[in-house]
Amino acid sequence: MDGGHYGGGVGRRTKRLWMDEEKRSICLQTAAPDVSVAQVARRDAVNANLIFKWLRDPRYAPDPASAAPPAEAARFLPVEIVAETRSAPAAPAAENHIEIELAGGHRMRISGSYDPEALARLIRGLSM
């Protein structure tokens, strides 16, 4: 059977004839979770509108009982609202304090004011 494409000396387009079992199989694929009719149509080289037509026909429409149940249905979870708890205040960070851990387990601690460019040059020199 010709798939409906021009070529090979065919001067006119021929209609693809689908067997009933093929129609049922294609319609059943649309019942899978997270699968669209468009995906099935592309995979089987069928026009999506034709699949929708077959789905309306009770001879080809998949049996709802045969469809796989969804993996996890959406549901509400219990929620409890409690009074706000206060955590201990964090210890204040030292101002102008930087601690840098270098390769080889070396550590630099810089306190007070510093020149960022000079510090970058120092780190580059130490890490070579």
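# Nonpolar cores and local features of a predicted chain

The largest nonpolar core of this chain has 10 residues: Trp 18, Ile 26, Cys 27, Val 37, Val 40, Ala 41, Val 46, Ile 51, Trp 54 and Tyr 60. Two or more residues of this core come from each of the elements α1, α2 and α3. The most is given by α2, which supplies three residues. The structure is a predicted model, and the description below applies to that model.

## Overall organisation

The chain contains four helices and two strands. Read from the N terminus, its elements follow the order α-α-α-β-β-α. The chain has 128 residues, of which 15% count as buried. When contacts between residues at least 6 apart in sequence are considered, 27% of them join residues at least 24 apart.

Helix α2 spans residues 37-44, and its buried residues are Val 37, Val 40 and Ala 41. These residues lie on the same side of α2, because they cover an arc of only 100 degrees around the axis. Arg 42 and Arg 43 are exposed on the other side of the helix. The packing partners of the buried residues of α2 are α1 (20-29) and α3 (48-56).

Val 46 belongs to the largest nonpolar core. With neighbours within four places in sequence left aside, Val 46 is in contact with Trp 18, Ile 26, Ala 41, Ile 51 and Trp 54. A second, separate core comprises five residues, including Ile 100, Leu 102, Met 108 and Ile 110.

## The aromatic pair

One aromatic pair is found in a search of the whole structure. The pair is formed by Trp 18 and Trp 54 in an edge-to-face arrangement, at 5.6 Å centre to centre and with 70 degrees between the planes. Trp 18 is located in the segment before α1 and Trp 54 in helix α3, so the pair ties together parts that are 36 residues apart in sequence. Both partners are buried: Trp 18 has a relative accessible area of 16%, and Trp 54 has a relative accessibility of 5%.

## The loops on either side of α2

Thr 30 is placed in the loop between α1 and α2. Thr 30 is buried, its relative accessible area being 15%. A polar atom of the Thr 30 side chain lies 2.5 Å from the backbone oxygen of Cys 27. Cys 27 is itself one of the residues of the largest nonpolar core. Apart from neighbours within four places in sequence, the residues in contact with Thr 30 are Val 35, Val 37, Val 40, Ile 51 and Leu 55. Among these, Val 37, Val 40 and Ile 51 are members of the largest nonpolar core.

Asp 34 is also found in the loop between α1 and α2. In contrast to the buried Thr 30, Asp 34 counts as exposed, at 81% relative accessibility. The backbone of Asp 34 has a positive phi of about 60 degrees, although the residue is not a glycine. Most residues other than glycine have a negative phi.

A positive phi also occurs just after α2, where Ala 45 takes a value of about 55 degrees. Ala 45 is not a glycine either, and its place is in the loop between α2 and α3. Ala 45 counts as exposed, at 68% relative accessibility.

## Ser 113

In the loop between β2 (107-111) and α4 (116-126) lies Ser 113. Ser 113 is exposed, with a relative accessible area of 71%. Its C-alpha atom is separated by 8.6 Å from that of His 97, a residue 16 places away along the chain.

## Accessibility of selected residues

The table collects the relative accessible areas of the individual residues discussed above.

| Residue | Relative accessible area | Class |
|---|---|---|
| Trp 18 | 16% | buried |
| Thr 30 | 15% | buried |
| Asp 34 | 81% | exposed |
| Ala 45 | 68% | exposed |
| Trp 54 | 5% | buried |
| Ser 113 | 71% | exposed |

Key:
Residues numbered from 1 in each chain as written. Predicted model: local features only at pLDDT ≥ 70, side-chain atom pairs only at ≥ 80, totals over all residues. Heavy atoms only, no water. Buried < 20%, exposed > 50% of the residue type's maximum accessible area, 1.4 Å probe, protein only. Arc of directions from axis to C-beta. Contact = heavy atoms within 4.5 Å. Core = buried A, V, L, I, M, F, W, Y, C linked by side-chain atoms within 4.5 Å. Polar contact = N/O pair within 3.5 Å; in protein donor to acceptor, adjacent residues only side chain to side chain. Phe/Tyr/Trp six-rings, centres within 6.5 Å; stacked < 30°, edge-to-face > 60°.
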